[in-house]
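Morning, everyone. I have one structure to walk you through today.

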Amino acid sequence: PVSAPCLIVTGADLAPQALALLQDFHVVYAGKTPQQEDLIRLCQQHDPVAIIVRYGAVGAAVMDAAPSLRVISKHGSGTDTIDKEAARARGIEVRAAVGANAAAVAEQAMALLLACAKSVVELNARMHAGHWDKATHKSIELSGRTIGLIGLGAIGQRFARMCDAMDMKVLGFDPFAKQLPPYIQSVDLPTLLNSSDAISLHCPLTQDNRQMINATSLAACKPGVLLVNTARGGLIDESALLAALGTGQVAAAGLDSFATEPMTNPHPEPD
């Protein structure tokens with residue numbers, strides 16, 4: 001009922017199981033690419049008690065447009081798109097569904113890693129263009145290779161288990177991770193960069209690690225390294241990555257997150 005307390009979702013939908021849990025709320029969707037102005041307008045119109053963040057950012061202006069707002073929940077684990085200081089100052093709780101999407105994200109990371117190692121996108125395009133590269137193309141066999149994981153939370157550890165099952169050597173860098181399984185070798189970041197055949201990012205975005213993958217760190221990697229990012233786009237200096245792809249220092253990158261979303265069209269391509 002419309003008289004029920006309002007909950008805004010910064011996305012176009014929620015799973016039926018989630019909606020069943022929210023039957024006492026009037027659920028309002030902000031759409032698949034909500035901007036700040038959209039969220040402010042919806043908050044002014046509905047005065048929600050809660051916001052579930054799927055896409056877009058929730059800052060102080062959005063919070064001020066919703067006097068009844070009590071909680072902001074992230075549909076996932078990363079809360080960098082929520083102004084937590086502004087929320088704290090207004091007595092608004094910020095919560096994240098840590099680990100809830102671990103299986104889905106770890107599977108996506110594996111899909112991107114395999115796509116990079118096996119040149120899936122390139123070979124598909126070549127075949128559709130009339131080329132037949134079966135006799136000449138050499139893909140990368142991941143078995144026996146070393147993968148470095150930056151971030152060893154629920155997603156990173158699940159992905160590590162998948163890599164171990166593929167007979168990969170797993171290195172991990174995470175100053176906060178404790179009691180790691182025996183198949184993850186904990187190392188410092190310089191060791192991970194210069195020892196890994198592939199690197200996958202699984203850490204939250206903070207002011208301390210923004211653009212941690214940059215020209216300097218990419219130059220420290222093995223030539224021809226594979227890079228996968230299912231975490232946050234801001235972890236990578238995208239211009240430096242484009243340059244490294246152009247020289248072959250990075251052989252392939254599988255990206256699920258970008259610094260600006262949605263991406264611009266057309267977007268920059270490697271030289």
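Let me begin with contacts. Take the pairs in the protein that sit at least 6 apart in sequence: 54% of those contacts join residues at least 24 apart. Keep in mind that this is a predicted model.

Now the overall layout. The secondary structure comes to ten helices and eleven strands. Along its principal axes, the C-alpha trace spans about 65 × 50 × 35 Å. The protein has 271 residues, and 40% of them are buried.

On to the second largest pocket. It holds about 860 Å³ of space. Its lining counts 31 residues, and the closest to the pocket centre are Leu-245, Ala-253, Gly-254, Leu-255 and Pro-270. Which elements supply at least two lining residues each? Helix 5 (102–117), helix 6 (120–128), helix 10 (238–247) and strand 11 (250–255) do.

You'll find Gly-91 in the loop between helix 4 (84–89) and strand 5 (93–96). Is Gly-91 buried or exposed? Gly-91 counts as exposed, because its relative accessibility is 54% and the cut-off for exposed is over 50%. Now look across to Val-71. Gly-91 and Val-71 are 20 residues apart in sequence. In space, their C-alpha atoms are 8.8 Å apart.

That's my tour. Over to you.

Terms used: Residues numbered from 1 in each chain as written. Predicted model: local features only at pLDDT ≥ 70, side-chain atom pairs only at ≥ 80, totals over all residues. Heavy atoms only, no water. Helix = DSSP H or I, 4+ residues; strand = E, 2+ residues; numbered from the N terminus. Buried < 20%, exposed > 50% of the residue type's maximum accessible area, 1.4 Å probe, protein only. Contact = heavy atoms within 4.5 Å. 1 Å grid on protein atoms, 1.4 Å probe; cavity = no way out; pocket = protein on both sides within 12 Å on 5 of 7 lines; lining within 4 Å. Points joined across faces, edges and corners; volume = space filled by probe spheres on them.
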